[in-house]
Every structure is written in C-alpha cells, then in structure tokens.
Amino acid sequence: MDLSPWKPRDLVDATKLNSRVRDSHRELSNPPRLSAKGLSKISKVPDSDTYLPLKWDMTQSWGGWGVNDSTAFAVPLSGYYAITAAVTALSPKGTGTKPVLRLLCVNIGVREYEWFRADSNTMVPGTYVTCSLRGIGYADKGDRLSLRAAVPTGAGAWEVSPSPRPSTQLNHFSAVLIAPGATHP
C-alpha cells in the first residue's frame, strides 16, 4: 500500500487513489484477527511470582497469523492492534494475604517487553475472579504476542476453571488489526 504523501498540485490517478481508499477500506472491512479461548490444559497458576505462558485450547485466525504451540501468535502485518483478554480463576482460601491474579500481554519482537498488564484481587477468598485487560498497541510484522498469568509468592495458587466448557466461555484472548500500515511514532 503506497502511503507516500501527495505533493501540492499532484494529479490524482487511479493507482494512488485506490491504494489510499479502496485498499485500506478492504483491509479494515475484513482485518487480520485472532481469537483464542479455553485453558483446560492449565489447572493452576502457582504462587511463584513467575509469569506462566497460557496455552489455549482453541485458536481461530484470519489474515496470516502464525501460531506457535498455542502460546505465542505471530503478527501478520505492522500496525495498531486492539487487544482483549480475560482469565477466570478460583482464588485461594486462607493464605493470610490478599489474593491477586496478574495478567500480562507481552510483545516478543527484537526484544521481549511488557505490552499490557492487569491485576485482579478479591476481598472474599475462595471466589471466582475474572482478570481482564484491554488496550491498543503497535506491533511490527513478525512480532509475537503472548498472554501470561502470575500470582505473587505466598498468595496461594489460583485454580483455573477445571472443565473445558466453562474454560472456553470464561477464558479468551483476541487481537484485531485496527490501523493497517500505521507506523510507530
């Protein structure tokens, strides 16, 4: 897609106009997207303060996403992506500390860095809590996105929904390209 700036008094031809209008609308009407759900392969998030990569049961993608063992997903095009994720787990009882579940989306490109983070806690131990994150971030083509969960040391392990049906309904990760061809400032 040619997005070079037009010069004053530049004649508009079909090639330039199509690349700016038709092609970008086509991309936005059916953008590259990824959907992952279900965490039945993971039973607990241990209280080791170490981020555990989440392995998804089902993934669906369109637009050239690369899937690496359902834990990391390669971005098909450079641009800005809208990210949503949610993990529901049972908080531990009687650990003496306030239970906290942390969710982290990392971008693994030239180097690995934290993209988004969310914390969820509860005042009532032994209840289900959903930790969710949302955001818009820039990724280069080929970068990999991964979702990870952690619990601080001593807070007690959190149990992820044990049966596949609730797990697919309560745990999900999605990414949609919303600004194709955009550059990072």
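Modeller: The protein chain has an accessible surface of about 9,900 Å², and carbon and sulfur atoms hold 54% of that (Shrake-Rupley method, 1.4 Å probe; for residues, only the protein chains shown count as cover). This is a predicted model, where local features need pLDDT of at least 70, side-chain atom pairs count only at pLDDT 80 or more, and totals for chains, interfaces and linings use all residues. Residues are numbered from 1 along each chain as its sequence is written, and side-chain values use heavy atoms, with hydrogens and water left out.

Of the 185 residues in the protein chain, 39% are buried, meaning under 20% relative accessible area. The chain has two helices and 13 strands (DSSP runs: H or I of at least four residues for helices, E of at least two for strands, numbered from the N terminus).

Now to the core itself. The largest nonpolar core has 35 residues, and L54, I83, L103, L133, L147 and F173 touch the most other members. Such a core is a set of buried Ala, Val, Leu, Ile, Met, Phe, Trp, Tyr and Cys residues joined through side-chain atoms within 4.5 Å. Strands supplying at least two residues each include β1 (33-37), β8 (100-108) and β13 (172-180). Strand β7 gives the largest share, five residues.

Zooming in on L54, and leaving aside neighbours within four places in sequence, its contacts are L39, I42, S70, T71, V87, L103, L147, R148 and A149, where contact means heavy atoms within 4.5 Å.

Definitions and conventions
Buried < 20%, exposed > 50% of the residue type's maximum accessible area, 1.4 Å probe, protein only.
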